[in-house]
Amino acid sequence: MLLLKNGHVIDPYNQIDQVADVLVKDGVIARVGQVKEQVDNTIDASGCYVTPGLIDHHCHLYPLAKIGLPAEAVCFASGVTTAVDAGSTGCATYPEHRPFIQNSRLRIKAYLNVCTTGLSSLPVLEDVDPAHWDEGAIRACFARYGDELLGLKLRTSAPIVKELGYAPLRAAVDMAERLGVTVMVHCTNPPGEMSQLLELLRPGDVMTHMYMNQGSAIVESGAVKDCVLRARERGVVFEAADARAHFGLDVAQTAIGAGFWPDILASDLTKLSMHLRPTAFNMAMQLSKYKALGIPFAALIQLCTRAPAAHMGMLDTIGSLTAGHSADVAVFRPLHRENVFGDRPYGNEDQQRMLGEAVYEPVLTLKDGDMVYRSVTF
């Protein structure tokens with residue numbers, strides 16, 4: 001047994017936001033509340049936040065992508081126990097990477113890229129011409145691996161789609177409709193107006209990089225566009241996944257100031273953006289940045305636990321500290337000190353920066369009750 005004592009437990013699913021104990025037994029959550037019995041393995045979490053293990057709903061993992069991050073090292077050290085690879089592989093490359101997924105301690109799900117080979121061609125851009133897609137092979141992947149795959153992924157940036165414009169997005173949504181799955185669309189620097197992009201999406205489809213500031217964005221003249229508000233009302237899911245450059249501080253400040261928060265908070269980390277200041281860095285830094293932007297910490301935990309778990313159809317397994325569920329737990333120590341947050345790496349002429357007054361340091365991560373990360377100071 002393992003007992004976390006005296007931490008401030010935040011579990012949005014079970015509506016817990018108070019100091020409490022968390023008892024773990026045989027790899028599952030045994031109880032959250034006051035625990036009086038003596039447990040040999042007791043950790044004092046006073047002054048720290050205890051949350052469900054975070055879900056990073058958008059990252060790229062090695063070896064699924066050559067630019068992928070070292071999954072367990074980066075995720076466990078930032079409180080992440082479930083990661084979603086957002087389209088690194090296509091129907092021709094996903095099957096060969098399944099052994100890695102199945103053998104990882106990290107829980108991994110994936111979006112399947114519409115391009116047959118996914119992102120394996122990078123730095124050469126992937127082929128998004130619908131005439132070259134293999135719908136039969138894509139359908140076979142979902143039929144065989146449907147419990148592992150969450151939907152289709154398409155990058156619809158102007159330099160990728162070129163003269164095709166929004167035709168690939170139309171085709172991806174049409175295919176997703178036939179397959180009965182959702183679509184995640186990368187929207188940075190779209191080939192047309194944001195209103196055109198959003199009109200193509202259905203309830204449950206994910207628009208990622210929602211706060212990007214390249215091309216047509218979600219804000220205009222200091223306000224959130226009406227087409228964006230209507231899309232949310234229809235059920236389109238807005239995801240913040242910032243990486244190095246899929247985020248604009250100006251757009252985020254305007255939208256968040258107007259109350260337009262993400263539906264899901266993720267990272268879009270690769271080896272190019274992990275641990276890179278002052279950008280996304282990792283999921284713990286994402287929490288810290290969005291807290292500095294004005295979203296309460298408890299609300300942020302909702303955005304990377306309960307919200308993605310619900311969208312993934314996995315609330316019965318992950319995203320909470322419910323008794324009987326897998327003991328996926330993260331512990332964060334708030335450090336009250338000044339920190340720089342930015343929307344581009346240092347040296348970029350377009351970089352915008354802001355100062356925050358707190359950073360949330362990951363100090364312990366449990367996966368199925370096992371300590372897979374622990375800070376030497378905790």
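Visitor: Hi! Which residues does T156 touch, leaving out those up to four places away in sequence?
Guide: Hello! T156 touches V161, G165, Y166, V185, H186, C187, N189, P190, P191 and L197. Keep in mind that this is a predicted model.

Visitor: Okay, and where is T156 placed?
Guide: T156 lies in the loop between β9 (149-155) and α4 (158-161).

Visitor: Is T156 buried or exposed?
Guide: T156 has a relative accessibility of 0%. Buried means under 20%, so T156 counts as buried.

Visitor: You mentioned β9. What is the order of the strands in the open sheet?
Guide: The order is β6-β7-β8-β9-β10-β11-β14-β15, eight strands with parallel pairing. The edge strands are β6 (54-59) and β15 (264-265), and each of them pairs on one side only.

Visitor: How many bridges join β14 to β15?
Guide: Two bridges join β14 (residues 237-240) to β15, and these strands run parallel. If you want a spot to look at, find A240, which stands opposite L265 in β15.

Visitor: What about the start of the chain? How do β1 and β2 pair, parallel or antiparallel?
Guide: Strand β1 (residues 2-11) and strand β2 (residues 16-25) pair in the antiparallel sense, over eight bridges. D11 stands opposite I16 in β2. Their hairpin has four residues between the strands, and Q15 there takes a positive phi near 55°.

Visitor: And how many bridges are there between β2 and β3?
Guide: Five, again in the antiparallel sense, with β3 covering residues 28-33. L23 has R31 in β3 as its bridge partner. This hairpin has two residues between its strands, and D26 in the turn has a positive phi of about 55°.

Visitor: New topic: rings! How many aromatic pairs does the structure hold?
Guide: The structure holds seven aromatic pairs. In one of them, the rings of F297 and Y360 have centres 4.3 Å apart and planes at 25°, so the pair is stacked. F297 sits in helix α10 (residues 297-303) and Y360 in strand β19 (residues 359-367), so to speak distant parts of the chain, 63 residues apart.

Visitor: Are F297 and Y360 buried or exposed?
Guide: F297 is buried, with a relative accessible area of 5%. Y360 counts as buried too, at 6% relative accessibility. Together with Y49, F297 and Y360 form one aromatic cluster.

Visitor: Last one: which residues lie over the face of a ring?
Guide: R232 lies over the face of F260, at 3.9 Å from the ring centre. K289 lies over the face of F247, at 3.9 Å from the ring centre.

Definitions and conventions:
Residues numbered from 1 in each chain as written. Predicted model: local features only at pLDDT ≥ 70, side-chain atom pairs only at ≥ 80, totals over all residues. Heavy atoms only, no water. Pairing = 2+ DSSP bridges. Phe/Tyr/Trp six-rings, centres within 6.5 Å; stacked < 30°, edge-to-face > 60°. Buried < 20%, exposed > 50% of the residue type's maximum accessible area, 1.4 Å probe, protein only. Lys NZ or Arg CZ within 6 Å of the ring centre and 35° of its normal. Contact = heavy atoms within 4.5 Å.
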